[in-house]
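Visitor: I would like to go through this model and ask what stands behind each label. Please set the values against the cut-offs as we go.

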Amino acid sequence: MMRFRRPALTHLQAPRPAARFAAVACAGLAALMLAGAPLQAQPAPAAPAQGPGSKPLRDVRYCELLPISVGLDGVSAQVFNTLGHSDCPQANWESLTDSELRKAFSSLYTVRNGPRFFIMDQIVASGATLKGEVVTVNGIALEKRAEVQLSLSELREKPYQDTVIDRSTLYRFDAGKPTFQLTSPDGSVYVMQSYAQIVDPKLTYADLPGLGAKLKLPAGWSYAMQTPAQELLLKADGKATVLQDDLKNTYQKIIPR
C-alpha cells in the first residue's frame, strides 16, 4: 500500500478521524431480539465495579489506539483495545507520546480513543475479533479487534453519521437493565455500546438517563432510556454499523433480520 508523506497530514486534518473510528471494539449489524418495557423515568442502577475482561462488562473502562494508513484506496485504521489486558491506567494514557506510537505501529497517525466505558453486559467474539495481535505501548497492552476502511472524502465527518466497520461479535444486554438509544428521523434505532470521557471527562454511567438534555441532537433525532424485559442481543457477522453523538459516545445500529 502506498502511503502519503507526513506533510499530507495538514490536508487530511489527521486528528479529526477520531470521531469516525471511535466505535470500534463495540458494534453490531443485527438485532436478534428486542423486547422491552415502556421507557422508564427512574435513574439507571449503579453499575458494579469490575476489572477488565470480567463479566458482565457494564461500566468497565477501556481505551483504544487506531493507527491510520493512507493509500490509493483511501484510509484504513486498525483498532487496538485494552479489554482483557488492563483498564487503561490514566497516567500511562496521558503520557503517551507520538514517537512511541510511531514506533509501535509505523503509522501515518494514531488516533487515541478513550477513556471509554462499556454499556453491554457481555461480548462474545469470533473470527478475527476473537484473538488478534497484542502490542504494548508505554506500559499499556492492547489487542487488535477490528479494522475500518474509509475513503478520503469520508474523513470530514460529523456526529450522527453511520460508519460500517469490520467485526464479528455478539453483544448481550441483560434483561431488566437500562439501555440508552438514539432514534433517527427514519426510525432507525442505535443502542449505546460505550460512553466516553473524551469530550466530557466527568461523564459517568449515572448521567446516562438524562444525557439527552446534554446532546446537540439533529432535527428529528431523539434519545431515550429503555429497559428491556428480555435480553437484547446484537450480532455482527463480519460487518457492523455504528455512529457517535457529539460527546463521542458510541452506538450500534439495530438492523432487523
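Guide: A strand here is a DSSP run of E with at least two residues, numbered from the N terminus. Leu182 is found in one of these, strand β9. The model is predicted, and its chain comes to four helices and 13 strands.

Visitor: How confident is the predictor, and where does pLDDT stay under 50?

Guide: The protein chain averages a pLDDT of 77, and 72% of the residues score at least 70. Over residues 1-54 pLDDT stays under 50; the model has 168 contacts beyond four places in sequence for that stretch.

Visitor: Why is Leu182 called buried?

Guide: Buried means under 20% relative accessible area. Leu182 has 0%, so Leu182 is buried.

Visitor: Which residues does Leu182 touch beyond four places in sequence?

Guide: Among them are Tyr160, Val189, Leu215, Trp221, Tyr223, Leu243 and Tyr251. Trp221 is 39 residues from Leu182 in sequence, yet the two C-alpha atoms are 7.0 Å apart in space.

Visitor: What makes a set of residues a nonpolar core?

Guide: The members must be buried residues of the nonpolar kinds, including Leu, Met and Tyr, joined through side-chain atoms within 4.5 Å. The largest such core in this model has 32 residues, and those with the most contacts inside it are Leu182, Met192, Leu208, Leu211, Tyr223 and Tyr251. Strands β4 (109-118), β8 (163-173), β9 (179-183), β10 (189-196), β11 (222-226) and β12 (232-244) each supply at least two residues. β10 gives the most, with five.

Visitor: What does Met192 touch?

Guide: Leaving out residues up to four places away in sequence, Met192 touches Ile119, Phe173, Phe180, Leu208, Leu211, Tyr223, Asn249, Thr250 and Tyr251. A second, separate core has 14 residues, including Leu66, Leu108, Ala146 and Ile165.

Visitor: How do you know that Cys63 and Cys88 form a disulfide?

Guide: The cut-off is a pair of cysteine sulfur atoms within 2.5 Å. The S to S distance between Cys63 and Cys88 is 2.0 Å, and the count by this rule comes to one disulfide. The link is left-handed, with -90° about the S-S bond. Cys63 lies in strand β2 (residues 61-71) and Cys88 in the loop between β3 (74-81) and α3 (90-94), so the pair ties together parts that are 25 residues apart in sequence. Both Cys63 and Cys88 are buried.

Visitor: What share of the 257 residues is buried?

Guide: Buried residues make up 51%. The accessible surface of the chain comes to about 11400 Å², with 54% of it belonging to carbon and sulfur atoms.

Conventions:
Residues are numbered from 1 along each chain as its sequence is written. This is a predicted model: local features need pLDDT of at least 70, side-chain atom pairs count only at pLDDT 80 or more; totals for chains, interfaces and linings use all residues. Side-chain values use heavy atoms; hydrogens and water are left out. Buried means under 20% relative accessible area, exposed over 50%, partly exposed in between (1.4 Å probe, protein chains only). Contact means heavy atoms within 4.5 Å. pLDDT is the predictor's confidence in each residue, from 0 to 100. Accessible areas come from the Shrake-Rupley method with a 1.4 Å probe; for residues, only the protein chains shown count as cover.
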